[in-house]
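Please look over the sequence and the structure shown here. The report that follows takes up a few local features in turn.

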Amino acid sequence: MRSRGTAVLASLALITGVSVIGPAGLMAGSGAAALAELSTFYAMAVDDAHDQVFLSGGPGSSFLQVHGFDGVQVAVVADQPGASDLELSASSDRLYVALP
């Protein structure tokens, strides 16, 4: 059985272009949601190598979003309740997400 952290990592690896085959859980953004529309977020990780910003909703929330540097949402990792702290690896090929 795969841990939820592995599922999130695999899904986010697909976003950042790393060759990892994993569960889908990733939905392309419609482009309608923008950073300016968010009222709050718990944690943020900035990926300069891929011009992306990762946002988590924290406890009591289930969102994990990916936005381009232009502020437009490009993807969402679904079904990650409580996704909180984020840590991007030094090589920018892995995003670690704290889950309860």
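## A residue between two strands

Where is Asp79 found? This is a predicted model, and in it Asp79 lies in the loop between β5 and β6. The phi angle of Asp79 is near 55°, a positive value in a residue other than glycine. Asp79 counts as exposed because its relative accessible area is 65%, and the cut-off for exposed is over 50%.

## The hairpin of β2 and β3

Strands β2 and β3 form a hairpin, with 4 residues between them. Their pairing is antiparallel and runs over 5 bridges. Among the paired residues is Asp47, whose bridge partner in β3 is Gln52.

Asp51 sits in the loop that links β2 and β3. Asp51 also has a positive phi, near 55°, and is not a glycine. With a relative accessibility of 43%, Asp51 counts as partly exposed.

## Two faces of β2

The side chains of β2 alternate along the strand. Ala43, Ala45 and Asp47 point to one face and are buried.

## The nonpolar core

The largest nonpolar core has 12 residues in all. Ala43 and Ala45 of β2 belong to this core, and other members include Phe54, Leu64, Val77, Leu88 and Val97. Five strands, β2, β4, β5, β6 and β7, each supply at least two residues of this core. In soluble globular proteins, nonpolar side chains tend to be buried together.

Conventions:
Residues numbered from 1 in each chain as written. Predicted model: local features only at pLDDT ≥ 70, side-chain atom pairs only at ≥ 80, totals over all residues. Heavy atoms only, no water. Core = buried A, V, L, I, M, F, W, Y, C linked by side-chain atoms within 4.5 Å. Buried < 20%, exposed > 50% of the residue type's maximum accessible area, 1.4 Å probe, protein only. Pairing = 2+ DSSP bridges.
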